[in-house]
Every structure is written in structure tokens, then in C-alpha cells.
Amino acid sequence: MWTKNLFIYLVLLFSFFINACKSAKTVGSEPTSIESPQDIKSPVGQEQQPDSKFSPSPYVMREFRAAWIATVANINWPSKPGLSTQEQQEEALKLLDFLKDHNYNAVIFQVRPQADAMYNSHLEPWSYFLSGEVGKAPEPWYDPLSFWIDAAHDRGLELHVWLNPYRSHHTTGGELSPKSLVQTHPEIMVSLKNGMWWMDPSKTTTQDHSAAVVMDIVKRYDVDGVHFDDYFYPYASYNDGLDFPDAESYQNYLKSGGTQSIPEWRREAVNTFVKRIYTEIKAEKPEVKFGLSPFGIWRPGHPESIAGMDQYNELYADAKLWLNKGWIDYFTPQLYWKINQAPQSFPVLLGWWKSENTLARHLWPGISLYHGGGDDNVDETINQIMITRGMLPESMGTVHWSISPLLNYPKLAQGLLEGPYKKPALVPASPWLNTILPEAPTVATKIVNNKVVITWDHPQLEDVFKWVVFYKYDKGWDYKILDRTKNSAEISLHIDQADKQVPLTTIGVTAVDKTGNQSSFNEIRITMP
């Protein structure tokens, strides 16, 4: 244990030294103090109007804290097919309440597990994992995705829709139904030895259909992000080690004048699709983030000490290219290995991916929580989060696979809440998507008993995703992050500190939009009656 902790401290020390040498302003950074605070003396009860001059807020932590919620095989939700609408909704709210109460700020929700839909779609059938029958709507009718989005947003959580672009039938998805895409679009389907069905990624019809599914969601739903995982071409084990059955497609390609080898041709199909999805999302709704969570190793030997599966030649996923080209807004390599697992070491791989992040996109690694419910898993998870903070201070964040261990291992969930997630955090801003700041809210205060009641309003409430209420006793600022449904907060007039009462001196409120941009901060000095 001592050797492991020494290794962690050395990694963090090196990271902080490197970052201290950087002079450029970083993505999502916040000042730790106000160098020239406005001296607004606003008697309690008087309304304070926003100042036209921008003033940065005190420090508020920024970190992407997300968990995957899988619907395939009913891994996380719903707990089984065929639940009533009320039961499905109760389970969903329990998961979202848990994430809010543990200071997460995002959920990655699987809406397309096998070319089907966890939402009302005219392109694909209702999911088997909802009802136990492909094509059967929930009873009583509701749209699960709309429900999840509204409930997540009302709790201050971003909701990213997670889609599998090519998988069309899972082994746990029941018998093939006449309504299944495998039956309605057999011209783009291939069967695998393990019982799964897959779309042929090289076919234009496949790409057109999956792109249409993505864009249908983007256009009709208020999602914060679109997310693909590691399933491009399937893992070789899914077909008993045999090559992907696309020989006919490749021969047609050669007959049309194509010259690429099979691996090059397959990678080009995936690359073209990834770039297309990013481009189409940005053309429709630039503020919607596109994220990818590929297998954590690009190729063995990159860097030199790393060994493992070669996704470049097995999944035909050139994940390094997508990051280099900036075809994503956030990149979440699945680094599911432990810190001291030398051939796949978490910090070694994270450092390599950081070196490839040449366009400074968000690099929020995926980490596995499936290492048991004891102290070792708590220690490993917290250490990975802290290493990520030290190596990536410009835009901190991790995505947790999955929500289940958080629910099943109380010691792990409590350890995060009492440790790195003790304070809530904003999602880091994405300046390449939007640089327009929201207007500052209009704030009013009044004293009620021993508290200051703060209320606020905003001329464009529909553009506000969160509020940050700042308050200061003596010298130190603190903050609360509130969701979009709130328009007031109460702050105690005094706190007990070192056997004396310290008075509240200053407060302020900022608005935060969907891309993480924060409004100007205006101080209100609290004058005691």
C-alpha cells in the first residue's frame, strides 16, 4: 500500500509541476478570488440590478461527474422488462435522486441498446427491454426519454443519450421479432456466431439510418449530449474469432474501383461516420456535446509499456484520429484497469491520451467501479479521481461504469461523498461551442429571523440551467449550486467559528447556461439592521 501511495503522490507532483509551467488560460478555469471586487453596498431588502461590466465570480469547482445507466439486458434500468409506467418512473427517479444527492452532475443514459428505442420513434421499434416485446409501447403510454430529461434537468443533471450505432440484436433481447430492424432491414444485417446481429458499418444505408436516428433525437429532445461507446465493429470473440462477415460488401467496393485493404476500408467507414455525426450535430444544435468512450488502449505499445487488445485492427476504431481531429467534444477512453496494473496502468494510459489531445477537448476518462465493496475499491476509485484532477486540471472529470456499484457498495458511495465529491461542481465549460455568457440575474435580499433570504429573477429563464449562490463570512467564500427550478435561497446570518459568531458579509448569484458559461458576478454587501 505504501509503495502504491508513493507512486500516486509522485504522479500528482509531476503533473502539478508541469501544469504550473503553463501560462495560458485553460478551458473552464475559474479565478480563485476576486482581485477587484465591486463595492456594492446594498441594504437588505433593496433590489440589486446586474452591472453591465463583467466581473468574475469567486471560485466554484468544475468537474464532470457522470455515471452510465445501461438499459441493455436491463443492467441498470428498468430492473426487468414489463414493469408498469409508474414502476419504471419510480425506478428512474430513485437513480436520479441518488446521483443528485451524491453530487454528480450528469447521467449517460442508454436509449438505443439494439437498434431499438427507449423513446417514441418513427425510425425504430420500442425496446424489448422496456416491455419484454419489441415494438410494444409503455402502458400507460409515456415517453421514457422525455421523462428522464425533465427529471434530470430538474435535479441539475445533464442528460447525455447513449446509442450503439451498429448493434441490432443482443443475445438478451428475446426472440427476433417481425418488428426488429433485423427483419425489416435485412439488407444491412449480418449474424454473428454468439447470436448477436450487427449492421454492416461499410454500407451507406447503415450510416444513413444510424445518422437519422441520432439526428431525430437531437432535433426533438432537449438532450445535453450524444454518446457512443466502444462498439464499432464487434469484438472478435463475438464471432468466435472469425472475420466479420462482410466479404460481399468488400468485393462490391473493389468492383467499384476501391483500392484500400480490408482493415483500411473498415476504418474509413467508421471514421466517416464519426465525423458525419459530429458535423450534423453541430449544424443542428451546436451546444449539444458529442462524446465517445472507446476501448482504453489505442494500440499495444502506445505508450511502450502498454499491452492489450488492438482496437485499431479488431474494432477498426481509430480513436486517436477522432481525438486528434476534434470530431468529439469530450473523450472518455474506458480506462477500466487499476493504477498499479503495469501493462494497462490507469495513469500511464491517461497520460498518453492527454498527449494526443492536441485540440484541448474535454478528456474525461471512464473508470470501472466493479472492484468490490471494500476499502480497496474506495481507495482505488478516489485515487483515480485525484490522479485525473492532478493530470487534467484544465477540465477535470470522470465517468463511472456504472451506477450499479454505487448502489450496491454503500461504503464506496459514502467514500466519494465524504471525499472528492463533498462539494458540488459545475460541468466544465466548452468554449469552442459557445462563448456567449448568460445575463446576470437580478437579485434581492431581506432578513427573516436569523437568515438572509435571497431571491432572483432573470430575463431569459429558458437559457439558464443552474444557479450558483455565493456567500462569504469573514474572509472565505463558499457556494451552493441550485437547479433551474429554484429562484431563492436562505443563508444564515452568522456561523459559529472558534467560539465566536462570524457574520455574513457578502452574497452574490450567477446564472449558468447549458454549455457551462457563467454570468457576471455582482456582490451585495450585507448591512446588518
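Select Phe331 and Trp353 to begin: both residues are buried, where buried means under 20% relative accessible area, exposed over 50%, and partly exposed in between, with a 1.4 Å probe and protein chains only. The model is predicted, so to speak of local features a pLDDT of at least 70 is needed, side-chain atom pairs count only at pLDDT 80 or more, and totals for chains, interfaces and linings use all residues. Residues are numbered from 1 along each chain as its sequence is written, and side-chain values use heavy atoms, with hydrogens and water left out.

**Aromatic pairs**

Stay with the two rings. The centres of Phe331 and Trp353 are 5.0 Å apart and their planes stand at 55°, so this pair is tilted; rings of Phe, Tyr and Trp (its six-membered ring) pair if their centres lie within 6.5 Å, and planes under 30 degrees apart count as stacked, over 60 as edge-to-face and the rest as tilted. The pair links distant parts of the chain, with Phe331 in strand E9 (residues 330-331) and Trp353 in helix H11 (residues 346-356), 22 residues apart. Helices (H or I, at least four residues) and strands (E, at least two) are DSSP runs, numbered from the N terminus.

Next, select Tyr471 and Tyr473, whose ring centres are 6.1 Å apart with planes at 80°, so the pair is edge-to-face. Tyr471 counts as buried at 12% relative accessibility, and Tyr473 counts as buried at 11%. The structure holds 41 aromatic pairs, and a cluster to display is the one in which ring pairs link Trp198, Tyr231, Tyr235, Tyr238, Phe295 and Trp337.

**The nonpolar cores**

Now colour Trp77, Leu145, Trp148, Val226 and Phe290, which touch the most other members of the largest nonpolar core, a set of 106 residues. Such a core is a set of buried Ala, Val, Leu, Ile, Met, Phe, Trp, Tyr and Cys residues joined through side-chain atoms within 4.5 Å. Helix H8 (residues 262-284) gives the most to this core, with 7 residues. A second, separate core of 20 residues includes Trp456, Val469, Ile507 and Ile526.

Centre the view on Phe290: leaving aside neighbours within four places in sequence, its contacts (heavy atoms within 4.5 Å) include Val226, Val274, Ile281, Trp327 and Tyr330.

Move to His160 in strand E3 (residues 158-163), which counts as buried at 0% relative accessibility. Not counting residues up to four places away in sequence, His160 touches Phe64, Val107, Ile108, Phe109, Asp224, Gly225, Lys289 and Tyr330.

Then show helix H2 (residues 85-101), where the buried residues are Thr85, Gln88, Ala92, Leu95, Leu96, Phe98 and Leu99. Seen down the axis of H2, these buried residues fall within an arc of 165°, so they line one face of the helix; the arc is that of the directions from the helix axis to the C-beta atoms. Their cover includes strand E1 (63-69), strand E2 (106-112) and helix H4 (144-154).

On the other side of H2, Gln86, Lys94 and Asp101 are exposed, and Gln86 has a relative accessible area of 54%. Gln86 and Glu139 are 53 residues apart in sequence and 9.1 Å apart in space, C-alpha to C-alpha.

**Confidence**

Finally, colour by pLDDT, the predictor's confidence in each residue, from 0 to 100. The mean pLDDT of the protein chain is 92, and 90% of its residues reach 70 or more. Over residues 9-51, however, the pLDDT is below 50. Where pLDDT is low, the predicted coordinates should not be read in detail.
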